[in-house]
Amino acid sequence: MRHPEKAKRPDTPIQRKPSWIRVKAPVSKGYQETRKLMRDNNLHTVCEEAACPNIGECWSKKHATMMIMGGICTRACSFCNIATGKPNPLSPLEPYSVAAAVAKLQLRHVVITSVDRDDLDDGGAEHFSKVIAATRKDAPDTTIEILTPDFRHKDGALEVVVKAKPDVFNHNLETVPRLYTTVRPGARYYHSLKILDRAKELDPTLFTKSGLMVGLGESKDEVFQVMDDMRSADVDFLTIGQYLQPTPKHHPVDRFVDPEEFKFYEKMAYNKGFLHVASTPLTRSSYHADEDFQELRKAREEKLSRS
């Protein structure tokens, strides 16, 4: 059972998706090749584990988000489809397998994320560092984006990860503070916000990024407040996407947000000073991450040239 903690919850029927959410089943040759590469190297991807709707498009382009430290999470967020339970020990070979896959795919930009590993003394920070180092060695021209857990109660973990010099540090706030107890009960909003603030404090040259899901029951004003909080932490890049309910046991979709509302959020976010914003129904943290990183870097260069 992937979600034993949800087994006794009452079912909430999954709503029919509107036309702007529906995607085609993945069948392309590029998708099959990427899938085979992941299986041959015994790698996990958040694309599969989190049931991302964009997997067909991304894998057809040989873009995949590597998920390190196994496929079992120690948290039980009500929105997430990643399996919950007791994780396996870390594989010392994983950093090299990830690096080899990145090199073989010839990625210009890679996103590396992980499950939460509250069972580890450092939350997996040193493992992140090793994966970054191995990838730098095997794929020196690839820019590296990491999407980390919150390292709650793991003193010094963030410093280890930032010292490894990723190009982008991403940690998602996921939702508004009011909904944390039901959506993200194992986390704390202001701790996650502090992680983003501290990462930029440790390395001002680091791009920082965070994301929100909408359609969980938040109000527009709450979304705007989170934007302001992110900007107070000097977050550079904001992603906003539609929450989709993985199973009847997961948090229900409150509403499907209209594409025009996503455009409105994008406009407001740019007005608040973000360097780059991705706000569409199908936006996910790593969706179009390669192209978005190029735009992010260009935006910073333009900002510096004006100052």
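A: Happy to. One term to start with: a residue counts as exposed when its relative accessible area is over 50%, and as buried when it is under 20%. Also keep in mind that this is a predicted model.

Q: How many residues does α1 have, and how far does it reach?
A: Helix α1 runs over residues 29–40, which makes 12 residues. From first C-alpha to last it reaches 16 Å, close to the 16 Å expected.

Q: What comes just after α1?
A: Asn 42 is there, with a positive phi of about 55 degrees.

Q: Switching to the inside: how many residues are in the largest nonpolar core?
A: It has 70 residues, and Met 66, Ile 112, Phe 169 and Met 227 have the most contacts inside it.

Q: What does Met 227 touch?
A: Leaving aside residues up to four places away in sequence, Met 227 touches Leu 238, Ile 240, Tyr 265, Met 268, Ala 269, Lys 272 and Phe 274. There is also a second, separate core of 8 residues, with Phe 207, Ala 278, Phe 293 and Leu 296 among them.

Q: Now rings. How many aromatic pairs are there?
A: The structure holds 6. In one of them, the ring centres of Tyr 180 and Tyr 189 are 5.6 Å apart and the planes are at 90 degrees, so that pair is edge-to-face. Tyr 180 and Tyr 189 are both buried, and together with Tyr 190 they form one aromatic cluster.

Q: What about Phe 224 and Tyr 265?
A: They also pair edge-to-face, at 6.0 Å centre to centre with 75 degrees between the planes. Phe 224 sits in helix α9 and Tyr 265 in helix α10, so the pair ties together parts that are 41 residues apart in sequence. Both Phe 224 and Tyr 265 are buried.

Q: Last one: which ring does the charged end of Arg 231 sit over?
A: The ring of Phe 274, 5.5 Å from its centre. Likewise, Arg 300 lies over the face of Phe 207, at 3.7 Å from the ring centre. You've met Phe 207 already, in the second core.

Methods:
Residues are numbered from 1 along each chain as its sequence is written. This is a predicted model: local features need pLDDT of at least 70, side-chain atom pairs count only at pLDDT 80 or more; totals for chains, interfaces and linings use all residues. Side-chain values use heavy atoms; hydrogens and water are left out. Helices (H or I, at least four residues) and strands (E, at least two) are DSSP runs, numbered from the N terminus. The expected span of a helix is 1.5 Å times one less than its number of residues. A nonpolar core is a set of buried Ala, Val, Leu, Ile, Met, Phe, Trp, Tyr and Cys residues joined through side-chain atoms within 4.5 Å. Buried means under 20% relative accessible area, exposed over 50%, partly exposed in between (1.4 Å probe, protein chains only). Contact means heavy atoms within 4.5 Å. Rings of Phe, Tyr and Trp (its six-membered ring) pair if their centres lie within 6.5 Å; planes under 30 degrees apart count as stacked, over 60 as edge-to-face and the rest as tilted. A charge sits over a ring if NZ of Lys or CZ of Arg is within 6 Å of the ring centre and within 35 degrees of the ring normal.
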